[in-house]
Amino acid sequence: MTKKGISIGTAHKIPADMRKSIASSRGAQSAWEDITPLARNEWICWVISVKRAETRRQHIERVCIELIEGKRRPCCWAGCPHR
């Protein structure tokens with residue numbers, strides 16, 4: 001767990017902007033804690049792997065939405081190359 005009570009992934013630490021977004025939604029935070037560390041790692045890597053700030057913001061927004069919808073991993077993404 002991190003200092004704010006949000007669990008981390010296996011290879012990546014959760015970035016502050018992503019942590020803040022997840023922590024601001026009870027549903028997203030609950031879903032985040034329900035997925036495996038490897039799945040959390042995939043979400044984190046999916047967010048940090050983009051180049052543009054706008055794309056990153058969109059990914060962070062989608063993380064919360066998709067977790068609440070019940071998705072456990074980013075869709076249509078090859079996966080984290082760091083595992």
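In the predicted model, Met 18, Ile 22 and Ala 23 of helix α1 meet Ala 28, Gln 29 and Trp 32 of helix α2. Contact means heavy atoms within 4.5 Å. Helices are DSSP runs (H or I, at least four residues), numbered from the N terminus. By class, the residues of this contact divide into 5 nonpolar, 1 polar and no charged. Ala, Val, Leu, Ile, Met, Phe, Trp, Tyr, Cys and Pro count as nonpolar, Asp, Glu, Lys and Arg as charged, and the others, Gly among them, as polar. The axes of α1 and α2 come within 6 Å and cross at roughly 110°. Axes are lines fitted to C-alpha atoms over the stretch in contact, and angles run from 0 to 180 degrees between N-to-C directions. The two helices, α1 and α2, are therefore roughly perpendicular (65 to 115 degrees).

Residues are numbered from 1 along each chain as its sequence is written. Local features need pLDDT of at least 70, side-chain atom pairs count only at pLDDT 80 or more, totals for chains, interfaces and linings use all residues, and side-chain values use heavy atoms, with hydrogens and water left out.

The axes of α3 and α4 come within 8 Å and cross at roughly 155°. That makes α3 roughly antiparallel to α4 (over 145 degrees). Trp 43, Trp 46, Val 47 and Ile 48 of α3 meet residues of α4, including His 59, Val 63 and Glu 66. Beyond its neighbours within four places in sequence, Glu 66 is in contact with Trp 43 and Lys 71.

The search of the whole structure finds 1 aromatic pair. Trp 43 and Trp 46 form this pair, edge-to-face, at 5.7 Å centre to centre and 80° between the planes. Rings pair if their centres lie within 6.5 Å, and planes over 60 degrees apart count as edge-to-face; for Trp the six-membered ring is used. Both residues lie in α3 (residues 37-48), 3 residues apart, about one turn of the helix. Trp 43 counts as buried because its relative accessibility is 0%.

Trp 43 also belongs to the largest nonpolar core, of 17 residues. Such a core is a set of buried Ala, Val, Leu, Ile, Met, Phe, Trp, Tyr and Cys residues joined through side-chain atoms within 4.5 Å. Among the residues touching the most other members are Ile 14, Trp 32 and Trp 43. Helix α3 supplies the largest share, 5 residues.

How values were computed:
Phe/Tyr/Trp six-rings, centres within 6.5 Å; stacked < 30°, edge-to-face > 60°. Buried < 20%, exposed > 50% of the residue type's maximum accessible area, 1.4 Å probe, protein only. Parallel < 35°, antiparallel > 145°, perpendicular 65-115°, else oblique.
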